Amino acid sequence: RNTLEPISTLITALQVELRPRVEALKARLAQLGPPPAAVAGATAPPVDENREEREAQIAGLARVEGLVAAANALQVQATQLRASIADARRKQLSGRVLARTPGIFSPTLWSEALAAMPTDLRALRMLAQDWGSIVRARVQDGRIAALVLPLLVGIGMFVLRQWLIPHLTRRDPEATDVSQRKRVLVAIGIAVGRTLTVAITLGLMFVAMDSIGLLPGRIKDLAQALLLAFIFVASARALADACFAPNLPSWRLFGMQETTARQLVIFIATIAGLMLAEVAVEALLVATSASLPSAILVKCLFLIAIAIATLAALHSLRSPDEEEECALGPYVAPNRSAGVLKIAGWTAITVVVFAVAIGYVALASFIVRQLIWAALVAAIIYLAIQLVAVTIGAIPRDKRMASAIHANIGVSRRSLEQFSVLVAGLINVTLVLLGFLMVLAPFGVESNDIIPAARQALVGFTIGEVTISLSAIMIAVLTFVLILGAVRAIQRWLSSTFLPTTELESGIRNSITTALGYLGFFIAAMVALSQLGLSLSNVAIVAGALSVGIGLGLQSIVNNFVSGLILLWERSIRVGDWVVIGADQGHVRRISVRATEIETFDRAAVIVPNSNLVSGVVKNWVHNGRSGRFTIKVGVSYTADADEIRDLLLSLAAGHAEVLRDPPPRVFLTDFGEKAVNFDLHGFVADVGTGGRIKSEISFKILRELKARDALPPR
């Protein structure tokens, strides 16, 4: 499989390289056109100026298409081989895991194991004697002195583990208000520090012993198994202490009670010790070529021991009653997920015990090891995610760091928060995928099973005659975003910097910037489609498909879009205009693709579809100019002099500084009411927006003058 992957990658690269050449040759042949047709009765062939070039292009196209066909066939063969290899590996794994042997209650298993015990013990003594003779030989020739340096390093690592790491990662038991960041960093320091010291010490000893010949043959396999087992035990113990923090509730990463934390640490230590013993015994059995019944019986006994330890832990993790909670310390809300974990634990142990009883020992061992491995991976990924949360995710909350980034780089706090959330999310997704891959590793799934598929999807794969390339899609999306961002920047520059310096009114400025946005979006879409390799014919196909959708359910959206373009072109309604639509009136604030936003005088936003503005009746107070007329209706008593009232109204209107002199104010006697004679005063203002205020000011003056003349009509 490893030999197949580079070949498959090379074939994919050749396919990507050959496709543009085929398209270029076809385009050149289309430009040259077909050869001229022979005329009936002609004795000489027609003159063809491009004959040699056309023949060369046809021959080149045939060669390249042959290479493409061969590459496609090889790629199909590689895919079939990969599938065959995957099937063979799955069969091998299932055959190994589902192999049935005598169960633990089988008398034959016990009798054969006891019968083989003398032979197994003799083989163990011989192995010990052989290794002892090798050790004595290395002592005699002086090469044993090479272990002095690793021993000194081991002593240093022991001192580091017992003194320096606890000093650097000290957790104050009296602390009550510990930040999440400090808890996570200290927990990671404990887990990494304790694991690395053991791994470095044992790794150096292994390399040194192997270099002087102290680990020959089967001894080396035994030592390697013990090395990995000790590192596993050290990491499990360190992670348990780091996450559960027994006797240190303020430093605990999980919300749980003290008794639960202590019991979990004890359980993890017990399981780790049993796994270490099992690995050591199994390695010895392999090194001594022990009998199969002995190996099966040993595995059964260890599985039963692990099941008993797990059952004891599950029984001790029962939920305490209220009095026990009060006696143990402050109340901690019960974790609802603990019940699910307990059910899963009881189920797994039941399956393991039943499998050991009926003879599926390999399956039971695989389940136990997989659960332990999954728990270890989950703890590591959890700590990594928490580290991302308290570092990258906490940058916006750190006022000092956010201020420093803003001062040096110019990134605002909001942008910094969005960036940190995005980066933290991407890292967390990567960590989860990595953990998922690590959990699947015992099933035979490796990175080489996933990377080729991801690489093929990234480079491109063909469905029928359509080639889908994730890399091309990402490049197209990036191109679209960059061009659209540049257009938005130009729009902001025009609307805020350049257009205000011109004499254009606000409606024309808004039309220019909006039209530029539509044009930029269209250009960005076309460039992005060209990055995907879509020709105009393919775009026409997509447009045809969209037309069906438009006919079925997108009529209103397209209608509003076209209406918006009509509004921007005809400029019957512009930004800033005072319009009346039905019972609502206000100023136009924005004309977008689908609708127009109108702000009423009550500061309410009314969203009106563009189609309503084009096909409906709209009153625009300022369409032909800002000037407008106001009307004041005045009623006076029949005893008042009508000519005097007319002159009074004209003088009050003409006396206001904002009332236009041309056209001049006018007064009309409209009708004779039951108790009053009614007049209409018409005046004109330069800006219709000020008409209400001017009307109110003149009305106050009219009321005062009528009261002074006792000309108000009777009530």
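Predicted model: local features only at pLDDT ≥ 70, side-chain atom pairs only at ≥ 80, totals over all residues.
Q: Why is the pair of F480 and F521 called edge-to-face?
A: Planes over 60 degrees apart count as edge-to-face. For F480 and F521 the angle between the planes is 85°, with 5.5 Å from centre to centre, and the pair is edge-to-face. This pair also links distant parts of the chain: F480 belongs to helix α15 (residues 470-498) and F521 to helix α16 (residues 506-531), 41 residues apart.

Q: How do you know whether F480 and F521 are buried or exposed, or something in between?
A: Buried means under 20% relative accessible area, exposed means over 50%, and partly exposed is in between. F480 has 22%, so F480 is partly exposed. F521, at 45%, therefore counts as partly exposed too.

Q: What makes W578 and F601 an edge-to-face pair?
A: Their ring centres are 5.5 Å apart, and their planes stand at 80°, so the pair is edge-to-face. W578 sits in strand β3 (residues 578-581), while F601 is in the loop between β5 (595-600) and β6 (605-609), so the pair ties together parts 23 residues apart in sequence.

Q: Why is W578 called buried, and why is F601 called partly exposed?
A: W578 has a relative accessibility of 15%, under the 20% cut-off, so W578 counts as buried. F601 comes out at 46%, between 20% and 50%, and is therefore partly exposed.

Q: Which residues form one aromatic cluster?
A: That cluster is made of F244, F254 and Y382.

Q: Why is R171 called buried?
A: The relative accessibility of R171 is 11%, which is under 20%, so R171 counts as buried. R171 is placed in the loop between α4 (148-168) and α5 (180-211). Its side chain reaches the backbone oxygen of D241 at 3.2 Å. Residues that R171 touches include V186, I190, A245 and W251.

Q: How do you know which way α11 and α13 run relative to each other?
A: Helix α11 (residues 361-391) and helix α13 (residues 413-440) pack at an angle of about 170°, with axes 10 Å apart. Angles over 145 degrees count as roughly antiparallel, and α11 and α13 are therefore roughly antiparallel.

Q: What kinds of residues make up the contact of α11 with α13?
A: There are 13 nonpolar residues, 3 polar ones and no charged ones. Among them are W373, V377 and I381 from α11, and I427, L431 and M438 from α13.

How values were computed. Residues numbered from 1 in each chain as written. Heavy atoms only, no water. Axes fitted to C-alpha atoms, helices over the stretch in contact; angles between N-to-C directions. Helix = DSSP H or I, 4+ residues; strand = E, 2+ residues; numbered from the N terminus. Parallel < 35°, antiparallel > 145°, perpendicular 65-115°, else oblique. Contact = heavy atoms within 4.5 Å. Nonpolar A, V, L, I, M, F, W, Y, C, P; charged D, E, K, R; others polar. Buried < 20%, exposed > 50% of the residue type's maximum accessible area, 1.4 Å probe, protein only. Polar contact = N/O pair within 3.5 Å; in protein donor to acceptor, adjacent residues only side chain to side chain. Phe/Tyr/Trp six-rings, centres within 6.5 Å; stacked < 30°, edge-to-face > 60°. Lists of a residue's contacts leave out its neighbours within four places in sequence.
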